[in-house]
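Hi everyone, thanks for making time today.

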Amino acid sequence: MSIKLSRREKVLIFILLVLAITMGGYYFAIKPAMDKNKSIRQEIDAMSFKYDMSLSDYELSKDMEELLITASQEYRDSFINYYDVVNDEDLDDLFTDLALKYKFTPVSIAITRPVLTVVSAYGIAADKTEATANNGILVSTVKQAVTIKANAINNSISKFVDEINAIDGIRVSMVNCEVAGNALEVSFEYKLYMIEK
């Protein structure tokens with residue numbers, strides 16, 4: 001038994017067949033390719049983002065390395081402002097020799113016990129919060145006071161003070177002069193900031 005189809009039915013079946021092939025091709029060939037293309041594009045975007053992040057991290061690490069080198073140099077340069085850590089005998093010898101150089105007759109010398117203190121890179125005594133707020137480099141130093149009494153010649157006192165102040169890490173904090181008869185008794189107090197170099 002054969003079924004005879006009219007022209008209209010044949011056209012409808014042909015349109016249905018073309019539509020079925022098109023839909024099947026779309027769902028079984030084009031859509032999976034588009035999904036695969038979309039997932040590959042997402043992977044490429046993720047990798048591109050990861051690459052950009054890695055590149056920015058690399059550039060940041062390069063900048064950080066330069067900052068670290070600069071900070072290390074500033075830290076080392078800050079050591080210039082401090083005297084080397086020395087013992088009391090060496091301090092005694094230093095100040096006695098300087099006193100004798102300027103024709104002072106040392107009467108007494110008093111050296112305080114060293115105290116650990118924190119100062120910023122600019123030599124300003126500061127606590128940790130103040131120095132951090134000022135972006136100073138914190139350096140732990142040993143602070144010590146030396147007081148020397150000597151009989152002196154009047155015109156050499158300022159030269160003596162200038163020479164002491166020229167030494168890194170040592171500052172004259174007080175000068176007291178007393179006239180006793182023909183002798184001039186001078187008392188100097190120094191602050192030393194010392195650091196292990």
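Let me begin with how helices and strands are assigned: they are DSSP runs, with helices being H or I over at least four residues and strands being E over at least two, and both are numbered from the N terminus. Counted that way, the protein chain has four helices and six strands. Going along the sequence, the order is α-β-α-β-β-α-β-α-β-β.

Before we go further, please keep in mind that this is a predicted model, where local features need pLDDT of at least 70, side-chain atom pairs count only at pLDDT 80 or more, and totals for chains, interfaces and linings use all residues. Residues are numbered from 1 along each chain as its sequence is written, and side-chain values use heavy atoms, with hydrogens and water left out.

Now, the overall picture. Accessible areas here come from the Shrake-Rupley method with a 1.4 Å probe, and for residues only the protein chains shown count as cover. The protein chain exposes about 14300 Å², and carbon and sulfur atoms supply 59% of that area. For single residues, I'll say buried for under 20% relative accessible area, exposed for over 50%, and partly exposed in between (1.4 Å probe, protein chains only). How many of the 197 residues count as buried? The share is 23%. As for contacts, meaning heavy atoms within 4.5 Å, take those between residues at least 6 apart in sequence: 71% of them join residues at least 24 apart.

Next, salt bridges. By that I mean a side-chain nitrogen of Lys or Arg within 4 Å of a carboxyl oxygen of Asp or Glu. The structure holds two of them.

One joins lysine 31 and aspartate 35, with 3.4 Å from N to O. These two residues sit four apart in helix H1 (residues 7-78), so about one helical turn separates them. Both ends are partly exposed: lysine 31 because its relative accessibility is 32%, and aspartate 35 because its value is 40%.

The other salt bridge pairs lysine 101 with glutamate 163, whose closest N and O atoms are 3.1 Å apart. Why is this pair worth a look? Lysine 101 belongs to helix H2 and glutamate 163 to helix H4 (residues 157-166), so the pair ties together parts that are 62 residues apart in sequence. Glutamate 163 is partly exposed, at 23% relative accessibility.

For charges, Lys and Arg count as positive and Asp and Glu as negative, while His and the chain ends are not counted. The place of a charge is NZ of Lys, CZ of Arg, CG of Asp or CD of Glu.

Asp88, Glu89, Asp90, Asp93 and Asp97 make up a negative patch. Within it, aspartate 97 is found in helix H2 (residues 88-101) and is exposed, at 52% relative accessibility.

There is also a nonpolar patch, built from Leu16, Leu19, Met23, Tyr26, Tyr27, Phe28, Ile30 and Met34, which together have about 880 Å² of accessible area. Leucine 19 is in helix H1, and its 49% relative accessible area makes it partly exposed.

Lysine 103 is not a glycine, yet it has a positive phi of about 60°. Is lysine 103 buried or exposed? At 60% relative accessibility, it is exposed.

Serine 187 is buried, with a relative accessible area of 10%. Leaving aside neighbours within four places in sequence, serine 187 contacts Thr147, Ile148, Lys149, Met174, Val175 and Asn176.

Glutamate 185 is in strand E6 too, and it is partly exposed at 27% relative accessibility. Its C-alpha atom is 9.4 Å from that of phenylalanine 104, 81 residues away along the chain.

Note on methods. Patches are made of residues with over 30% relative accessible area and no salt bridge: like charges are joined within 9 Å, nonpolar side chains (Val, Leu, Ile, Met, Phe, Trp, Tyr) within 5 Å.
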